[in-house]
Amino acid sequence: MKLTSITLGIATAAVLFAAGCATSQKTVSEESLGLRKTDIYTEKSTIADKTKYSTSPAGAGILYERSFENAPPMIPHDIEGMLPITINNNACTTCHTPGIAESMNATPIPKSHFTDFRPVTKLLKDGKIEKDGKVYTNTSDLKLADYKKLNTLAGARFNCSQCHAPQSDGQLVDNTFKADFKSKGANKASNLIDTMNEGVK
């Protein structure tokens, strides 16, 4: 019988698979899989570590350094009564709107949040797509839209808590990550608009 390369390949794969199965008999305990170190049968009686959110009033909280460059800063104060945030009811803007923020000793909302990076898009009757006044038959040809500066928060930015989370005490998992900040002060402030403008004429 003549061996073909396909037959030889299948036979080799079968031998390697069988050898792998024979040597990978290591067992893993249920307790080692999760953060709580309990098995699935005691899950109902397991009490998770409590997360203690900041109860400091606005202006009195301790600011954490940003996790990485342009990371959304965490909320250092109590947010009781401020949620849910809606497009018509946003308690954050009361103190964080530029011009007001300085007098309130609050971090002002950055320029990037008053900038619309999305092109104005319309679906035309003939099925073509219009973006920023230009008609496209294939949107993969679309170049990055010119951004528009706004006097109000951009529509995608009204929900502050979609990116900004309240600071909390208690650490479940050790974190050894060390951020590399490109510019001085980037651990405490955003440089997103400057970064986006790099190379723009």
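The model is predicted, so local features need pLDDT of at least 70 and side-chain atom pairs count only at pLDDT 80 or more, while totals for chains, interfaces and linings use all residues. Residues are numbered from 1 along each chain as its sequence is written, and side-chain values use heavy atoms, with hydrogens and water left out.

Let's start with the overall layout. The chain has 4 helices and 7 strands (DSSP runs numbered from the N terminus, with H or I of at least four residues for helices and E of at least two for strands). Read from the N terminus, the order is α-β-α-α-β-β-β-β-β-β-α. Of the 201 residues, 16% count as buried, where buried means under 20% relative accessible area, exposed over 50%, and partly exposed in between, using a 1.4 Å probe and protein chains only.

The largest pocket has a volume of about 1200 Å³. Of its 47 lining residues, P73, M74, H96, T107 and H164 are the closest to its centre. Here a pocket is an open set of points on a 1 Å grid over the protein atoms alone, where a 1.4 Å probe fits, with protein on both sides within 12 Å along at least five of seven lines; lining residues have an atom within 4 Å of a point. Helix α2 gives the most to this lining, with 3 residues. By type, the lining divides into 28 nonpolar, 15 polar and 4 charged residues.

Together with I62 and Y64, M74 makes a nonpolar surface patch of about 310 Å² (patch residues have over 30% relative accessible area and no salt bridge, and nonpolar side chains are joined within 5 Å).

The loop between β1 and α2 also holds N70, which has a positive phi of about 65° although it is not a glycine. P84 is found in that loop too, and the peptide bond from L83 to P84 is cis, with omega near 0°. C92 lies in helix α2 and counts as buried because its relative accessibility is 19%.

N105 has a positive phi of about 60° without being a glycine, and at 65% relative accessibility N105 counts as exposed.

Note on methods: Patches are made of residues with over 30% relative accessible area and no salt bridge: like charges are joined within 9 Å, nonpolar side chains (Val, Leu, Ile, Met, Phe, Trp, Tyr) within 5 Å. Accessible areas come from the Shrake-Rupley method with a 1.4 Å probe; for residues, only the protein chains shown count as cover. A salt bridge is a side-chain nitrogen of Lys or Arg within 4 Å of a carboxyl oxygen of Asp or Glu. Grid points are joined across faces, edges and corners, and a volume is the space filled by probe spheres set on the points. Ala, Val, Leu, Ile, Met, Phe, Trp, Tyr, Cys and Pro count as nonpolar, Asp, Glu, Lys and Arg as charged, and the others, Gly among them, as polar.
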